[in-house]
Amino acid sequence: MQPEPITKYAAFPLVPLPSRQWPSRTLTRAPIWCSVDLRDGNQALAQPMSVEEKIEFFELLVRIGFKEIEVGFPSASQIEFDFTRRLIEENRIPGDVAIQVLCQCREDLITRTLESVRGAKNVIFHLYNSTSPKQREYVFNLPKEEIVQIPVRSVGQLKRESRALVEAGTHLRLEYSPESFTSTELEFALEVCEAVTDVWGPTPTEKIILNLPATVEYATPNVHADQIEWMCTHLTRRDATIVSLHTHNDRGTGVAATELALLAGADRVEGTLFGNGERTGNLDIVTVALNLYTHGIHPGLDLSDLNAIRDVYERCTRLEVPPRHPYAGELVFTAFSGSHQDAIKKSLAHQKAGKPWDVLYIPIDPADVGRSYRAIIRINSQSGKGGVAYVLEHEFGFQLPKLMHKEIGRVVNDLADKKGTELSSADIRDAFQREYLERRSPVALEHFKTTERDSTVKCEARIVFDGKPRSITGAGNGPIDAFVKALGSAGLPKFDVVNYSEHSLGGGAEARAVSYIQIKMERGAAFFGAGIDTNIELASIKAIVSALNRAMRPNDDV
Ligand code: KIV
Ligand code: ZN
């Protein structure tokens, strides 16, 4: 990098717009969406889509609800021409969907593009030419007057040559893009757009689409918004114009630039799914649409099965949606940090059906986009106790008492440390089972029976202690008390039961009870145990044995 002072780059000039309105506006409705996946997105692929893949992608876009789809650049490639023809000839375009075809302002290309759309019901003919000073100077070497004439001539030709098509029933609309609009002097961009509008002659019911591309993103989003507001307020036939946005993402702010430019008055947005496109990509329509949705505005696109959309996208484009991609990334509904997990768990518990979504750290209900809560919490050695308890409860139904969370959290974190990877839900369940439910040593319970007389419960139990079978008996005010006494009389360490809770696991005839018991040893250390049985009494007795075994495991100073 160049050391200070930087002379190689300079700030982007501001737009003089002292009365700008967009900063104090809020978005209230969704724009018209136009997908350019099959053209701008496709031309940016290392291996462009085959005709079959384009058909699959087109059908996906239709299912999502796009009503305007740029299907290609038919005059530039035979594949795109053939694809356009197949869509039309095989009747694959729904009646309410317009196909858009891109074309340079060149006579032969316009004629060929018109051939490609013969028989289509709704067509947007998208003409473009570069208008920026650098393009004028380095590429075309033409003065402004001649640059204006390029689209003017082409629009005239289009009007003439499309007459037969229109008479045959095609609804033909014009989209014009002054390419590199954001790098063009605003007055000149306006002059070109006005000249094109003059020739086309739009009306408030048959509008022209003026697409104002940020072909390369050079400025901050506020400058882009100013440029769009300036155009919206200077176009003489604004009521006969659909102002369209087409941002690229060179500075990583394509989404922000689009959102601010919508505030500035634009009506329409071009972009691609997940932001595929030349260099750093086009605008990511999924993100803008779901950003609107999370502000209470339905985008008019059905993104309720984002995983399925992502699958088709990844298969057809051979690109991957990154794991942190907004809304669609593999990890975006996953919290690794313990404090986040705890906050998510608590706010999920407060979330009421039918009420506004209010879950900390998760700005959208994953279920709205077909994602599930299952992946919200994954456990690694940094995770907190809340995350472990959440997984055990939500995936396996174990409602551990709050006091037990810390203990099981430590067990699972030790395991994660040992494994050095994050743990799956099954790993967590297995760790819980090993630690609490499957301990048979040094004490194993073989048999347990109680009888009750005059409010005194007597128990008889058969245990194996340190490998030796023992029969023990005890009496108390309940089965737990009787068993504790029986254990004490058999010479096992003394303890008190300090906490008890239970709930049923599963439902119906198959339901079992799970019991959690905390015992406190004579020297003060406390241990939880857990037991499961179809008989609630036996579940508690097993929980005591579990706690005792945990207390007496090697290295624990009882
Ligand atoms: O980025 C761009 O300028 C384009 C035009 C053809 C609209 O894709
Ligand atoms: Zn583009």
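1. Angles under 35 degrees count as roughly parallel, over 145 as roughly antiparallel, 65 to 115 as roughly perpendicular and the rest as oblique. This is a predicted model, in which local features need pLDDT of at least 70 and side-chain atom pairs count only at pLDDT 80 or more, while totals for chains, interfaces and linings use all residues. Residues are numbered from 1 along each chain as its sequence is written, and side-chain values use heavy atoms, without hydrogens and water.

2. Helix H2 (residues 51-64) and helix H12 (residues 306-317) have axes that come within 10 Å and cross at roughly 155°; H2 and H12 are therefore roughly antiparallel to each other. Helices (H or I, at least four residues) and strands (E, at least two) are DSSP runs, numbered from the N terminus. Axes are lines fitted to C-alpha atoms, for helices over the stretch in contact, and angles run from 0 to 180 degrees between N-to-C directions.

3. On the H2 side of this contact (heavy atoms within 4.5 Å) are Glu 53, Glu 56, Phe 57, Leu 60 and Ile 64, which meet H12 residues including Ile 309, Val 312 and Tyr 313.

4. Strands S9, S10 and S11 form an open sheet in the order S9-S10-S11, with antiparallel pairing; two strands pair if DSSP finds at least two bridges between them. The edge strands, S9 (443-453) and S11 (468-476), each pair on one side only. Neighbouring strands are turned by 15° against each other on average, direction ignored.

5. Strand S10 (residues 456-465) is joined to S11 by nine bridges. Cys 459 has Gly 474 in S11 as its bridge partner. Helix H17 (residues 479-489) packs on the sheet and touches S9, S10 and S11, its direction making about 130° with that of S11.

Conventions:
Chains are lettered from A and ligands numbered from 1 in the order in which they are written.
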